[in-house]
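User: I have a new structure open and would like to go through parts of it. Can we start with how the strands and helices connect?

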Amino acid sequence: MIRRSVVLSALVKGTSTDPFILSDSLSILEKTKIDTIELHFPFEKTKEMKSVINDHGIKNIVYPIAGVQKMEGFSLCDLNEKNRMNAVFLLLRSFETAAEVGAEKVLITTGRDTDEADRPRALEQFMKSMERLLPVAEGFDVVLETGDRVVDARQLLGPTDYSMQVADEIRKSYKNFYLTLDTSHIAQLGENVEESLDKALYLSNHVHLASCILTPGHVLYGDKHPFFSHPDGVLSDERLKCIFNSVEKRAKEENREILVGHEVIDRSGERLGGLNKAIKESPWFFCN
């Protein structure tokens with residue numbers, strides 16, 4: 001079975017901090033097929049945001065701490081032990097927040113890639129972090145979003161084959177660990193998006209549909225998640241629709257649930273961001 005989510009804190013930035021904007025956004029989403037929201041908010045806002053979410057009857061939530069990790073440098077694979085532990089403590093706090101709001105998934109990332117010579121040590125540091133975190137991740141999945149290596153976010157995981165090897169190893173002990181496969185990040189790796197998704201999907205229950213711009217010098221170059229309609233995007237709305245259909249077919253064939261999220265970063269500055277624009281441009285995802 002396929003389920004649909006929207007990365008709300010990217011599409012409507014005010015939803016992360018303003019309960020009234022969150023409420024108005026959820027009122028619009030109630031008229032769509034979206035059944036899950038991916039929403040980051042500060043820890044101190046947990047009770048307030050939980051109240052709004054509950055008022056709208058939203059039961060499915062993904063808490064994406066990965067964005068904070070990338071923006072503020074909280075790396076689970078940091079070679080500096082103090083820095084690595086700071087990242088672990090951040091995630092432990094995010095687990096508490098996830099449990100409090102009843103989140104089904106916490107979205108994380110590894111941290112920045114390092115020099116090739118130091119990569120084995122960085123992987124050891126990451127695995128050490130997982131051994132600390134996963135035993136206490138109860139009641140929700142921990143989903144790790146792989147990233148690009150050379151364009152923008154430059155995460156340790158990483159190329160699809162490498163990420164699959166690591167995920168396979170982790171899942172021997174922790175069945176609530178999965179990969180989040182982001183079409184934009186796969187494209188930034190220089191891989192064929194459809195082929196990488198097809199071979200790695202058995203390790204994933206969460207896919208992000210997103211585009212990117214890979215024209216050097218472009219103002220939105222890199223991991224900027226433009227609207228699917230952007231003429232310079234490497235993944236068109238039509239191609240993303242085909243990818244969605246393929247994932248849906250795979251979920252049905254394997255009789256399992258896969259959450260597919262729409263991810264666009266709005267830069268309009270409008271109160272409700274790009275929500276109405278996204279719905280209008282991709283009705284196949286939001287309404288059909």
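Analyst: E5, H7 and E6 form a right-handed β-α-β unit. Right-handed means that, with the strands pointing away from the viewer, the path from the first strand over the helix to the second runs clockwise. Helices (H or I, at least four residues) and strands (E, at least two) are DSSP runs, numbered from the N terminus. This is a predicted model: local features need pLDDT of at least 70, side-chain atom pairs count only at pLDDT 80 or more, and totals for chains, interfaces and linings use all residues. Residues are numbered from 1 along each chain as its sequence is written, and side-chain values use heavy atoms, with hydrogens and water left out.

User: Which unit do E4, H6 and E5 make?

Analyst: A right-handed β-α-β unit, with H6 covering residues 119-133.

User: How many bridges join E5 and E6?

Analyst: Four, in the parallel sense; strands count as paired if DSSP finds at least two bridges between them. Val-142 is opposite Phe-177 of E6.

User: And what about E4 and E5, parallel or antiparallel?

Analyst: Parallel, with four bridges between E4 (residues 105-108) and E5 (residues 141-145). Leu-107 sits opposite Val-143 in E5, and Ile-108 opposite Leu-144.

User: What do the strands build together?

Analyst: A closed barrel of eight strands, in the order E1-E2-E3-E4-E5-E6-E7-E8, with parallel pairing. On average, neighbouring strands of this sheet are turned by 25° against each other, direction ignored; the axes are lines fitted to C-alpha atoms, and angles run from 0 to 180 degrees between N-to-C directions.

User: Back to E5: is it mostly covered or open?

Analyst: Mostly covered, since five of its five residues are buried. Buried means under 20% relative accessible area, exposed over 50%, partly exposed in between (1.4 Å probe, protein chains only).

User: Which residues are on each side of E5?

Analyst: Asp-141, Val-143 and Glu-145 are on one side, Val-142 and Leu-144 on the other, and all are buried. In a regular strand, side chains alternate between the two faces of the sheet.

User: New topic. Which residues of H9 are buried?

Analyst: Val-193, Ser-196, Leu-197 and Ala-200, in a helix of residues 193-200. Seen down the axis of H9, the buried residues fall within an arc of 100° (taken from the directions from the helix axis to the C-beta atoms), so they line one face of the helix.

User: What is on the face turned away?

Analyst: The exposed residues Glu-195 and Asp-198.
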